[in-house]
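Please read the following note with the structure open beside the text. It is written for a student who is new to reading protein models.

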Amino acid sequence: MMQSEYDIEYLFQEAKRRWLKPAEVLFILQNHEKYELTQEPPQKPAGGSLYLFNKRVLRFFRKDGHSWRRKKDGRAIAEAHERLKVGNIEALNCYYAHGGQNPNFQRRSFWMLDPSYEHIVLVHYRDISEVSSLNSSTTFSF
């Protein structure tokens, strides 16, 4: 799958203000070896934060200290699942979770459908009610 080059610093800044587009997420996942993978789940990451994980090494990367909306049984987190296309090809799995107390705080977890890369996960947190600001304290852990 041919991808145009993106400026990763630009993507970091954009992640503060908006959800990354599928092609941008795919670019980061395809080039994950250029970035440092997060070794421990972050505790209560702020909106705009991006993390890369190897889910074979860190199985519980979702244990981030936030309270997420639960299914009716109250036991499992209610995550929506989607397959995203880049161009006309399904390329990404995406799991969405909404905050338990603040439904505007959301987490999206992405990984490639390609079996050789499906262990690399990009997790993006956003508070969609926040007014975008370049000066906000945002974490990028790569």
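The numbered points below treat the basis of the model, its charged pairs, its strands, its aromatic rings and its core.

1. **Basis of the model.** This is a predicted model, in which local features need pLDDT of at least 70 and side-chain atom pairs count only at pLDDT 80 or more, while totals for chains, interfaces and linings use all residues. Residues are numbered from 1 along each chain as its sequence is written, and side-chain values use heavy atoms, with hydrogens and water left out.

2. Seven salt bridges are found in a search of the whole structure; a salt bridge is a side-chain nitrogen of Lys or Arg within 4 Å of a carboxyl oxygen of Asp or Glu. Glu14 and Arg17 form one of them, at 2.4 Å from N to O. Both residues belong to helix 1 (residues 8-17) and lie three residues apart, about one turn of the helix. Helices (H or I, at least four residues) and strands (E, at least two) are DSSP runs, numbered from the N terminus. An α-helix has 3.6 residues a turn, so residues three or four places apart point the same way.

3. **Accessibility of these partners.** Residues are called buried under 20% relative accessible area, exposed over 50%, and partly exposed in between (1.4 Å probe, protein chains only). Glu14 is buried, at 11% relative accessible area, whereas Arg17 is partly exposed, at 29%. Glu14 also forms a salt bridge with Arg18, where the closest N and O atoms are 2.8 Å apart. Arg18 and Glu14 are both buried.

4. **A salt bridge between distant parts.** Arg107 and Glu79 meet through their side chains in a salt bridge of 3.3 Å, N to O. This pair links distant parts of the chain: Arg107 is in strand 4 (residues 105-112) and Glu79 is in the loop between strand 1 (50-54) and strand 2 (80-86), 28 residues apart. Arg107 counts as buried, at 1% relative accessibility, and Glu79 is buried as well, at 18%. Elsewhere, salt bridges that share partners join Glu14, Arg17, Arg18 and Glu24 into one network.

5. **Strand 1.** How many of the five residues of strand 1 are buried? Five of the five are, so the strand is largely enclosed by the rest of the structure. Both of its faces are covered, with Leu50, Leu52 and Asn54 buried on one side and Tyr51 and Phe53 buried on the other. In a regular strand the side chains alternate between the two faces of the sheet. Strand 1 pairs with strand 5 (residues 120-127) in the antiparallel sense over five bridges; two strands pair if DSSP finds at least two bridges between them. Leu50 stands opposite His124 in strand 5.

6. **Aromatic pairs.** The structure holds eight aromatic pairs. Rings of Phe, Tyr and Trp (its six-membered ring) pair if their centres lie within 6.5 Å; planes under 30 degrees apart count as stacked, over 60 as edge-to-face and the rest as tilted. The rings of Tyr6 and Phe27 have centres 5.4 Å apart and planes at 65°, so this pair is edge-to-face. Tyr6 lies in the segment before helix 1 and Phe27 in helix 2 (residues 22-30), so the pair ties together parts that are 21 residues apart in sequence. Tyr6 is partly exposed, at 25% relative accessible area, whereas Phe27 counts as buried, at 3%.

7. Phe105 and Tyr125 have ring centres 6.1 Å apart and planes at 25°, so they are stacked. The pair links distant parts of the chain, with Phe105 in strand 4 and Tyr125 in strand 5, 20 residues apart. Phe105 is buried, at 11% relative accessible area, and Tyr125 is buried, at 0%. Both belong to one aromatic cluster, formed by Tyr51, Phe53, Phe61, Trp68, Phe105 and Tyr125.

8. **The nonpolar core.** A nonpolar core is a set of buried Ala, Val, Leu, Ile, Met, Phe, Trp, Tyr and Cys residues joined through side-chain atoms within 4.5 Å. The largest such core has 25 residues, and those with the most contacts inside it are Ile28, Leu29, Leu52, Leu92 and Leu122. Helix 2 gives the largest share of this core, six residues. In soluble globular proteins, nonpolar side chains tend to be buried together.
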